[in-house]
Amino acid sequence: MTEVDLEEFQRSIAVRPMRMDDFDALITMQERCFPGMYTWERGHIQSQLKIFPAGQLVVEYGGNPMATRS
């Protein structure tokens, strides 16, 4: 089994505010996690960011969005 350097792993994880330029990655995640369901439209994200920006978060690993919290 390959050993994992946990310190390097932890340095590669970041939680940050969601941005509109995350839209394509968010849609890709939705399609993979919930196949067959309708995905968000750009207006949904814009509305969430306008109404409650503090609650819209993205978890990145190695600079790539991996999860959201909204």
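Okay, let's start in the middle, with the largest nonpolar core. Eight residues make it up: Met-18, Phe-23, Leu-26, Ile-27, Met-29, Ile-45, Leu-49 and Val-58. Keep in mind that this is a predicted model. Which elements give two or more residues to this core? That would be helix 2, residues 23–33, and helix 3, residues 42–51. Helix 2 gives the most, with four residues.

We have three strands in an open sheet, in the order 1-2-3, and the pairing is antiparallel. At the edges sit strand 1, which is 13–17, and strand 3, which is 64–69, and each of those pairs on one side only. Going from one strand to the next, the twist averages 30°. For one of the partners, find Leu-57 and look across to Arg-69 in strand 3.

Next up, charges. Side chains of opposite charge can pair when their charged atoms come close. How many salt bridges does the structure hold? Three. Let's take Arg-16, because it's buried, with under 20% relative accessible area. Its side chain meets that of Asp-22 in a salt bridge, at 2.6 Å from N to O, and Asp-22 is buried as well. Arg-16 also meets Glu-60 in a salt bridge, again 2.6 Å, N to O. That pair links distant parts of the chain, with Arg-16 in strand 1 and Glu-60 in strand 2, 44 residues apart. And Glu-60? Buried or exposed? Buried, like Arg-16.

The other salt bridge is between Arg-19 and Asp-21, where the closest N and O atoms are 3.0 Å apart. Arg-19 has a relative accessible area of 39%, so we call it partly exposed. Asp-21 is at 60%, so that one counts as exposed. As for the network, salt bridges that share partners join Arg-16, Asp-22 and Glu-60 into one.

Last stop, the surface. There's a nonpolar patch out there of about 570 Å², made by Val-4, Leu-6, Phe-9, Ile-13, Tyr-61 and Met-66. Let's zoom in on Leu-6, which lies in helix 1, residues 6–11. Why does Leu-6 count as exposed? Because its relative accessibility is 55%, and the cut-off for exposed is over 50%.

Conventions
Residues numbered from 1 in each chain as written. Predicted model: local features only at pLDDT ≥ 70, side-chain atom pairs only at ≥ 80, totals over all residues. Heavy atoms only, no water. Pairing = 2+ DSSP bridges. Axes fitted to C-alpha atoms, helices over the stretch in contact; angles between N-to-C directions. Core = buried A, V, L, I, M, F, W, Y, C linked by side-chain atoms within 4.5 Å. Buried < 20%, exposed > 50% of the residue type's maximum accessible area, 1.4 Å probe, protein only. Patch = residues over 30% accessible without salt bridge, like charges linked within 9 Å, V, L, I, M, F, W, Y side chains within 5 Å. Areas by Shrake-Rupley, 256 points an atom, 1.4 Å probe, with all protein chains shown as cover. Salt bridge = Lys/Arg side-chain N within 4 Å of Asp/Glu carboxyl O.
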